[in-house]
Amino acid sequence: MSAEPKRQFNFIFSKLVEKSDDLVGLLAYGIYKQEKIHFIERFKTENNDRNPTEEDLKLFHDLSNDRIDQYRQLALNDLAEIQNEVLSERVHDIRIEFERRLKDDLAQAKTSWWAAITQSFLGSVVFTFFLGFLLIILLGAKYGLNRVLEEGVKMLTGT
């Protein structure tokens, strides 16, 4: 009866992940696992589909343990890239919403052509009456209000 080789455990998870909510560490561990899978696939391709032994994996584990800081930095880079992408999309969405609201507000604020004509006409009429009233007051101050009104009535009636 042959004894099974003693399985050696790699404690890289505890080196990469500091706490249960350590997102950088969890992502770093995912990067490590992805590299390990690629190592195993390449090993199988190069060794007639033979699975690597514990001894075959030892070199990979030793190298991985030396790359703890690099795994965490790769994870930070990936998170920064994701954050930038999310922020970029959010800024784009905000810009589109702002432009839509601006167009809506401008459309509501813009008066129709007929409303603008009516407004201009009424403004002209009010301004003309104001000038006429101001003229009557000025002439009335100079010649007397009764005399100005009498002359004005004569001009309007033609008598």
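Colleague: Is Glu 35 buried, partly exposed or exposed?
Modeller: This is a predicted model, in which local features need pLDDT of at least 70, side-chain atom pairs count only at pLDDT 80 or more, and totals for chains, interfaces and linings use all residues. Residues are numbered from 1 along each chain as its sequence is written, and side-chain values use heavy atoms, with hydrogens and water left out. Buried means under 20% relative accessible area and exposed means over 50%, with partly exposed in between (1.4 Å probe, protein chains only). Glu 35 has a relative accessible area of 23%, so the class is partly exposed.

Colleague: Which residue forms a salt bridge with Glu 35?
Modeller: A salt bridge is a side-chain nitrogen of Lys or Arg within 4 Å of a carboxyl oxygen of Asp or Glu. For Glu 35, the closest N and O atoms of the pair are 2.6 Å apart, and the partner is Arg 67.

Colleague: How many residues apart are Glu 35 and Arg 67?
Modeller: Helices (H or I, at least four residues) and strands (E, at least two) are DSSP runs, numbered from the N terminus. Taking up the salt bridge between Glu 35 and Arg 67 again, Glu 35 sits in helix H2, while Arg 67 is in the loop between helix H3 (54–65) and H4. The pair links distant parts of the chain, and the separation is 32 residues.

Colleague: What is the relative accessibility of Asp 22, the partner of Arg 72?
Modeller: Arg 72 and Asp 22 form a salt bridge whose closest N and O atoms are 3.1 Å apart. This pair also joins distant parts of the chain, 50 residues apart: Arg 72 is in helix H4, and Asp 22 is in the loop between helix H1 (12–16) and helix H2 (23–46). Asp 22 counts as buried because its relative accessible area is 10%.

Colleague: How many salt bridges does a search of the whole structure find?
Modeller: Another one joins Arg 50 to Asp 56, with the closest N and O atoms 3.3 Å apart. Arg 50 is partly exposed at 38%, and Asp 56 is partly exposed at 23%. There is also a network of salt bridges that links Glu 97, Arg 100, Arg 101 and Asp 104. The whole search finds 8.

Colleague: Where is Asn 48 found?
Modeller: Phi of Asn 48 is near 50 degrees, a positive value in a residue other than glycine. Asn 48 is exposed, with a relative accessible area of 75%. Its place is the loop between H2 and H3.

Colleague: What is the phi of Asp 49, which is not a glycine?
Modeller: Asp 49 is found in the loop between H2 and H3. At 59% relative accessibility, Asp 49 counts as exposed. Its phi is positive, at about 65 degrees.

Colleague: How much accessible area does the nonpolar patch around Leu 131 have?
Modeller: Patches are made of residues with over 30% relative accessible area and no salt bridge, with like charges joined within 9 Å and nonpolar side chains (Val, Leu, Ile, Met, Phe, Trp, Tyr) within 5 Å. Areas come from the Shrake-Rupley method with a 1.4 Å probe, and for residues only the protein chains shown count as cover. Leu 131 is in helix H5 and is partly exposed at 41%. Together with Phe 127, Phe 130, Leu 134 and Leu 138, Leu 131 forms a surface patch of about 490 Å².

Colleague: How far apart in space are Leu 76 and Leu 131?
Modeller: Leu 76 lies in helix H4 (residues 68–109) and counts as partly exposed, with 40% relative accessibility. Leu 76 and Leu 131 are 55 residues apart in sequence, and from C-alpha to C-alpha the distance is 74 Å.

Colleague: What is the volume of the largest pocket?
Modeller: On a 1 Å grid over the protein atoms alone, a pocket is an open set of points where a 1.4 Å probe fits, with protein on both sides within 12 Å along at least five of seven lines, and lining residues have an atom within 4 Å of a point. Grid points are joined across faces, edges and corners, and a volume is the space filled by probe spheres set on the points. For the largest pocket, that gives about 330 Å³.

Colleague: Which helix gives the most to the lining of the largest pocket?
Modeller: Helix H5 (113–143) and helix H6 (145–157) each supply at least two residues of the lining. With 8 residues, the top contributor is H6.

Colleague: What separates the C-alpha atoms of Leu 138 and Val 148?
Modeller: Leu 138 is in helix H5 and is exposed, with a relative accessible area of 54%. Leu 138 and Val 148 are 10 residues apart along the chain, and their C-alpha atoms are separated by 9.9 Å.
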